[in-house]
Amino acid sequence: MPSPMPSPMPTPIDCLLSDHLIKNRSRYMSNQRLLNSQHHPTTLIMTLTIDTKLKLNSGYEIPQLGFGVYQTPPSDTARCVSEAVKAGYAHIDSAALYRNEGACGQAIRSFSREKIFFTTKIMPYTLGYESVQSQIDRMLNETGLGYLDLVLIHAPYGGSAKRKESWKALVEAVEAGKVRSIGVSNYGVAHLDELERHIAELEEERGGKGKGGVISVGQWEIHPWCPRDDIVEWCKKRNIAVEAYCPLVQGNRWGEPIVKKLAEKHGKSEAQILIRWSLQKGLVPLPKSVKSERIVANAQVYDFELTEEDMKSLDTGVYEHVSWDPTTAPLKD
């Protein structure tokens, strides 16, 4: 292995890479090239591995490939999470809404806690200062994990005042050591702009810079038929990691000519093509499955690359979500 080179001046590419990768930048820079226009400077081909992590604004790192447990029965969740970790995943995504946080914690506790990144989310329609405080304590108790790596506000429903109160509660949870990083899910650009204003207000109200918290992660339904370019651009400008749920479009696009063509070209499944698309976009995909073989296969996406032409062929120009879409919720509920 070559000796580590001195760290170069930060670039947009560096924002996507963990410190240990940056130290070995010379090993993969020759394989790296931009795939998109200047509007998406972080869309690139680079050497990726299942251990690739992104540096968050909080200072912590998040594994780029996650494993989702939405709609996974609590009775089956521990098995699925355990199999995922054994297959190489180090990032588990749950939520209060999923009713399986406890089972996630049970599985994670059987491995090295520090090596598994665990995310959960505040229950939709329950925003408020005391509510969020109570939910975080419940999450810690049910999972038995000691701390939560990431907590997201699951949806913007509830109105401006409740969103601000909820964010304040998350900030205080970080300060108390209960939570390491915080963020939002399903916020539209208007909600994100409002959150920046709330952060500025909290800084003034609570005593200065940093007292309003930092947005580390945002999560949305993202795939070639719902790329959310406006939201992704907003986040990238602020170094906010963008997670993609429904990266496999809930199976609704199996057989699409372009995906099928790329699968045949690379000798991969259509699911693997879509996950690789997310990774090369710099996103954090969260594929889910309860089938052992698919859990393993969805992580086997590091022995091929989509070319610039491949990536461009997946620019569909359409906006068709397959899940809910709270991004369109009005600021005043």
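The axis of a helix is taken here as a line fitted to its C-alpha atoms over the stretch in contact, and the angle between two axes runs from 0 to 180 degrees between their N-to-C directions. In the predicted model described here, this definition applies to helix H6 (residues 189–206) and helix H7 (residues 229–236), whose axes come within 10 Å and cross at roughly 25°. Angles under 35 degrees count as roughly parallel, and H6 and H7 are therefore roughly parallel to each other. On the H6 side, the contact is made by Val189, Leu192, Asp193 and Glu196. On the H7 side, Asp230, Ile231 and Trp234 take part. By class, the residues of this contact divide into four nonpolar and three charged, with no polar residue. An α-helix has 3.6 residues a turn, so residues three or four places apart point the same way.

Helix H7 also has partners other than H6. Its buried residues are Ile231, Val232, Trp234, Cys235 and Lys236. These buried residues pack against H6, strand E10 (217–221) and strand E11 (241–245). Two of them, Ile231 and Trp234, belong to the contact with H6 as well.

The chain as a whole provides the setting for these elements. It contains eleven helices and twelve strands. Of its 333 residues, 53% count as buried. Among contacts between residues at least 6 apart in sequence, 75% join residues at least 24 apart.

Individual residues illustrate such contacts. His154 is located in the loop between strand E8 (148–153) and helix H5 (160–175). Buried means under 20% relative accessible area, and His154, at 4% relative accessibility, therefore counts as buried. Although His154 and Ile122 are 32 residues apart along the chain, their C-alpha atoms are separated by 5.5 Å. When residues up to four places away in sequence are not counted, His154 touches Ala95, Leu97, Tyr98, Lys121, Ile122, Pro124, Ser185, Asn186 and Trp324.

Thr143 is found in helix H4 (residues 129–143). Its relative accessibility is 1%, and Thr143 therefore counts as buried. Apart from neighbours within four places in sequence, Thr143 is in contact with Glu101, Gly105, Gln106, Arg109, Phe118 and Leu148.

Val318 lies in the segment after helix H11 (308–313). Here the relative accessibility is 27%, so Val318 counts as partly exposed. Val318 and Cys226 are 92 residues apart in sequence, whereas their C-alpha atoms are 6.6 Å apart in space. Cys226 is also one of the residues that Val318 touches; the others are Trp225 and Pro227, with residues up to four places away in sequence not counted.

The largest pocket holds about 680 Å³ of space. It is lined by 32 residues, and the closest to its centre are Cys246, Leu248, Gln250, Pro287 and Lys288. The elements that give two or more residues to this lining are helix H9 (270–280) and helix H10 (292–297). By class, the lining of the largest pocket has 16 nonpolar, eleven polar and five charged residues.

Technical notes: Residues are numbered from 1 along each chain as its sequence is written. This is a predicted model: local features need pLDDT of at least 70, side-chain atom pairs count only at pLDDT 80 or more; totals for chains, interfaces and linings use all residues. Side-chain values use heavy atoms; hydrogens and water are left out. On a 1 Å grid over the protein atoms alone, a cavity is a set of points where a 1.4 Å probe fits but cannot get out, and a pocket is an open set with protein on both sides within 12 Å along at least five of seven lines; lining residues have an atom within 4 Å of a point. Grid points are joined across faces, edges and corners, and a volume is the space filled by probe spheres set on the points. Helices (H or I, at least four residues) and strands (E, at least two) are DSSP runs, numbered from the N terminus. Ala, Val, Leu, Ile, Met, Phe, Trp, Tyr, Cys and Pro count as nonpolar, Asp, Glu, Lys and Arg as charged, and the others, Gly among them, as polar. Buried means under 20% relative accessible area, exposed over 50%, partly exposed in between (1.4 Å probe, protein chains only). Contact means heavy atoms within 4.5 Å. Angles under 35 degrees count as roughly parallel, over 145 as roughly antiparallel, 65 to 115 as roughly perpendicular and the rest as oblique.
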